[in-house]
Amino acid sequence: AAGSAGSHSDAGSAAARPWSLWASVGRLSQRGWLVVVPLLVGVAVPFVIPLLDFEYIEGLQTLLPRGDPLTETFLEVQDHFGVSQIFPNTIVVLPPNPGDVTSRGWLNASCHAMKFMASNVTEVMRAHGREAGDASLQNFAMKASDFSGLMIQGGICTSLLISLLENPLAKKYGDFLVNGFSNEDRTATKVRVKTTLDPFSTVGQKWIAAVRDAMAASEVWVSDPSFPGDTTVLGEMHLTGMAQEQMDGAADTFASLPRVIGATLLIVMAVLGSAFRSAVVPLRAVLCLSWMLLVTFGLGVLVYQHGVLQSLGIRPFLTSPDPPAHHAMYWMTPCIAFSILVGLGLDYDVFFMESVVEHFDAGYSSREAVVEALRHTGTIICVAGVIMFLAFGSLLIGASPMINQLAFHLCVGVLIDCFVTTKVIIPCAMAMLDLLPGNANFWPRKPPPALTEPTVEPLPPLRRLGSLRNSLSDNARRSAMSPHGVRSMQSPA
């Protein structure tokens, strides 16, 4: 079969087969790869550029269904009482010594540190406002009264009050106040922090970062700069809350994402290389998959961060509920979509390449193996892709912005993979590699050796068969008439 490779690759033999749309598309893509490849690169560029400006948001509002009464109630409570009342921000202070939380000197130093932090955060946020041209941030002010803790109330230091409450007559009330802001062992105390900003928004994330920087600069408080030796160690400070937890989780996730992507692609290459006994097939698969992922996520940024489809007014394509200047994608969307799209994209690729390899091993040239594989699997892959598109598309009907974003990425990725990657990109890539010497598309895999026809002993001539038949008949008659022959037939024992 392999010895007849030339006959398989003939145009005449291909023309004798039933016409196939996908086989024709594949053949055209191979013939015009010199034009198609630069075109594909050019198409990807407008989608890659927005990825450089990618931003994400956290919070609960992106998870809630749009227009739902529960969502409206939540937003109303948030507007009237502020985000800080629903999702409070808390500074946990761990003083170096257990008794510091009631020490007048430590309380006084920590109070002045809080005032310094308010001033420092105000300057940082106004600087962000000037850089971004945001007038609301340029007038932003964080006040000392935004802190509420054992050492400060209403912007006033309470160290003297705490000292007075140590009096035996008022000790009961003093313990009540201290226990309200400290743990039982008095090794830690908490300070509630108010803000007019939404800590889940992009601006809110900058505020959190500014507060943490100010905290780090205040862990050792210098009461008088002219006397550097007059210092008070306040201890460790940690800013906690739901917004901070999501921010840290998202930051850690995206910090490790390059390693996750690299490990995923290496594992994919190892599995494909082992399955197809080729070093080129997995490289080609990863490159084609990367093109699909870049276009898909770039389009997602354009839709949900830049709002290119906002004017259509279609709910699944609307940007996040944040203010227009802070539109971004929910942080979990690309993380979840990446894993699913890698699995689906490679699934279709492997199914297609298995057919290509079968035809290649049967003796087809690499070009004709691709065309024949498209003839046999093109429609099946498209039908499977449409089914997945309908399944994921049903999520677009939902009202949750995060679910809409996830469904959009999955739908776009599946359509690109089924109708572009397997039909155009892979044939073009294999046509390029076919220009290299040898079977570069499958290197170092080689087609099986040519099968040889089994050697069969020639049948005897008809004349010899006839004479042999007559001879056997005469011998049988003579044996039947012979007494020895009769005895031998009657007594087989």
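View 1. F389 is found in helix 15 (helices are DSSP runs of H or I with at least four residues, numbered from the N terminus). The model is predicted, so local features need pLDDT of at least 70 and side-chain atom pairs count only at pLDDT 80 or more, while totals for chains, interfaces and linings use all residues. Residues are numbered from 1 along each chain as its sequence is written, and side-chain values use heavy atoms, with hydrogens and water left out. F389 has a relative accessible area of 30% and is therefore partly exposed (buried is under 20%, exposed over 50%, partly exposed in between, with a 1.4 Å probe and protein chains only). Together, V386, F389, L390 and F419 make a nonpolar surface patch of about 330 Å². Helix 15, residues 366-393, gives the most to this patch, with 3 residues.

**View 2. T421 in helix 16.** T421 lies in helix 16, which covers residues 401-433. Because its relative accessibility is 3%, T421 counts as buried. Setting aside neighbours within four places in sequence, T421 is in contact with C288, M292, I416, I426 and P427 (contact means heavy atoms within 4.5 Å).

**View 3. Helix 11.** Helix 11 has 17 residues, 202-218, and reaches 25 Å from its first C-alpha to its last, close to the expected 24 Å (1.5 Å times one less than the number of residues). Its buried residues include W207, I208 and M215.

**View 4. Confidence along the chain.** The mean pLDDT of the protein chain is 84, and 82% of its residues reach 70 or more (pLDDT is the predictor's confidence in each residue, from 0 to 100). Over residues 1-15 the pLDDT is below 50, and this stretch has 22 contacts in the model beyond near neighbours in sequence.

Conventions: Helix = DSSP H or I, 4+ residues; strand = E, 2+ residues; numbered from the N terminus. Patch = residues over 30% accessible without salt bridge, like charges linked within 9 Å, V, L, I, M, F, W, Y side chains within 5 Å. Areas by Shrake-Rupley, 256 points an atom, 1.4 Å probe, with all protein chains shown as cover. Salt bridge = Lys/Arg side-chain N within 4 Å of Asp/Glu carboxyl O.
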